[in-house]
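Please open the model in your viewer, with the sequence panel beside it, and follow the stops below in order. Each stop says what to select and what is to be found there.

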Amino acid sequence: MSRLLVLLFLCAAGAAAAAAPLPRFREAPHFTNSASARCPAPLPPASGKDDGACSPRAAVHVAMTLDASYLRGTMAAVLSVLRHASCPESVHFHFLTAAGSPSRTAELVAAVRASFPSLAFRAYPFDESRVAGRISASVRGALDRPLNYARSYLATTLPPCVRRVVYLDSDVVLTDDVAALAATPLQGNAAVAAPEYCGANFTAYFTPGFWASPALSRTFRGRRACYFNTGVMVLDLPRWRAAGYTAQIEGWMELQRRVRIYELGSLPPFLLVFAGRIAAVDHRWNQHGLGGDNYRGLCRGLHAGPVSLLHWSGKGKPWDRLDAGRPCPLDAVWAKYDLLRPDTGIDAVL
């Protein structure tokens with residue numbers, strides 16, 4: 001499929017999603033800072049003039065995308081962060097939304113505010129034209145959404161006062177304190193921290209043509225390059241800006257337009273720039289792959305070891321499987337954080 005057809009398809013899909021009414025969600029419980037955790041004073045809610053983004057009281061910054069297609073997942077993820085945080089009133093959220101529809105953005109922000117009246121957050125319109133011309137078709141259409149690439153632009157989107165941020169995909173739930181993840185040491189000049197999976201077949205993330213080219217394959221020379229999942233990352237934004245990493249990612253995307261060097265959306269450019277150069281995070285912080293593969297989305301179990309975050313990466317999303325009456329066993333964990341208001345009007349007990 002040509003790049004033009006891909007972009008037309010994405011625009012049509014985005015327009016259809018924008019036209020559909022948003023689901024209705026329940027109001028989440030209010031979680032307060034723990035008296036024993038020495039938390040800073042609570043941040044002001046987003047409805048105030050000062051949203052607290054630059055306040056020293058912001059103990060943890062969390063960035064996510066916010067769109068209609070994944071709103072249900074985002075709501076569940078936010079709830080899980082707050083429920084397990086030692087200082088939930090000191091967590092500030094940064095939501096990146098599509099800039100093309102201000103009215104839809106207003107609806108999304110209103111939905112978040114209605115479910116989390118005390119939440120400190122800010123929404124940032126993301127200009128999707130920055131990446132739309134650089135996106136090439138991948139193995140799954142959902143990976144080609146321009147907003148899926150917004151994580152590459154956090155350093156130029158968030159205010160300079162935000163120095164460290166935890167980036168989370170919308171298909172995760174936490175079962176542990178996000179402050180522990182945010183406190184991950186980033187040794188040396190590392191700008192990214194994430195769980196690494198050195199047992200994965202790293203060569204599979206790039207085409208045979210990439211590996212056959214001496215000029216391209218030497219990219220990883222001198223690096224212990226391992227796969228990592230970009231759905232859960234800790235980012236040092238000043239280091240990112242100083243190194244010009246956004247421009248480097250864009251450079252690889254531009255090359256991909258001319259020479260097919262990978263097949264999997266926004267992940268390979270991150271691997272090209274950062275694999276072998278990131279700070280390691282314990283695997284407990286990304287029990288990924290629960291959505292199955294990118295083709296059939298079959299059920300998968302947990303990796304061995306403790307769990308602090310569950311991630312339904314892959315084709316199968318827990319809300320879709322629950323609605324279809326064909327849930328996987330671990331989807332029941334996600335369902336505990338689902339804020340969707342039932343049609344019956346009877347709220348589930350959290």
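**Stop one: D51**

Begin by selecting D51, which sits in the loop between α1 and β1; helices (H or I, at least four residues) and strands (E, at least two) are DSSP runs, numbered from the N terminus. This is a predicted model, in which local features need pLDDT of at least 70 and side-chain atom pairs count only at pLDDT 80 or more, while totals for chains, interfaces and linings use all residues. Residues are numbered from 1 along each chain as its sequence is written, and side-chain values use heavy atoms, with hydrogens and water left out.

Is D51 buried or exposed? With a relative accessible area of 11%, D51 is buried, where buried means under 20% relative accessible area, exposed means over 50%, and partly exposed lies in between (1.4 Å probe, protein chains only). If residues up to four places away in sequence are not counted, D51 touches P44, H92, A120, F121 and R122, a contact being heavy atoms within 4.5 Å.

**Stop two: R38**

Now select R38, which also belongs to the loop between α1 and β1. R38 counts as exposed, at 81% relative accessibility. Most residues other than glycine have a negative phi.

**Stop three: the disulfides**

Next, colour the cysteine sulfur atoms. How many disulfides are there? The count comes to four disulfides, when a disulfide is taken as a pair of cysteine sulfur atoms within 2.5 Å. If the bonded cysteines are numbered in sequence order, the pairing reads 1-3, 2-4, 5-6, 7-8.

Go to C54 and C161, which are joined by a disulfide with an S to S distance of 2.0 Å. The torsion about this S-S bond is about -70°, so the disulfide of C54 and C161 is left-handed. C54 lies in the loop between α1 (3-19) and β1 (60-65) and C161 in the loop between α5 (154-157) and β4 (164-168), so the pair ties together parts that are 107 residues apart in sequence. C54 counts as partly exposed at 49% relative accessibility, and C161 is partly exposed with a relative accessible area of 34%.

Move on to C198 and C226, whose sulfur atoms are 2.0 Å apart in a disulfide. This link of C198 and C226 is right-handed, with 100° about the S-S bond. The pair links distant parts of the chain, with C198 in the loop between β7 (196-197) and α7 (208-212) and C226 in the loop between α8 (214-217) and β8 (227-228), 28 residues apart. C198 counts as partly exposed at 36% relative accessibility, whereas C226 counts as buried at 4%.

Then select C299 and C328, a disulfide with sulfur atoms 1.9 Å apart. Why is the disulfide of C299 and C328 called left-handed? The torsion about its S-S bond is about -85°, so the disulfide is left-handed. C299 is partly exposed at 46% relative accessibility, while C328 is buried with a relative accessible area of 5%.

**Stop four: α10 and α11**

Show α10 (245-258) together with helix α11 (residues 267-274). The axes of α10 and α11 come within 9 Å and cross at roughly 120°; axes are lines fitted to C-alpha atoms, for helices over the stretch in contact, and angles run from 0 to 180 degrees between N-to-C directions. α10 and α11 are therefore oblique to each other, given that angles under 35 degrees count as roughly parallel, over 145 as roughly antiparallel, 65 to 115 as roughly perpendicular and the rest as oblique.

Display the side chains where the two helices touch: Y245, Q248, I249, W252 and M253 in α10 meet P269, F270, L272, V273 and F274 in α11.

**Last stop: G244**

Finish at G244, in the loop between α9 (237-243) and α10 (245-258). G244 counts as partly exposed, at 28% relative accessibility. Select A155 as well: C-alpha to C-alpha, G244 and A155 are 9.6 Å apart in space and 89 residues apart in sequence.
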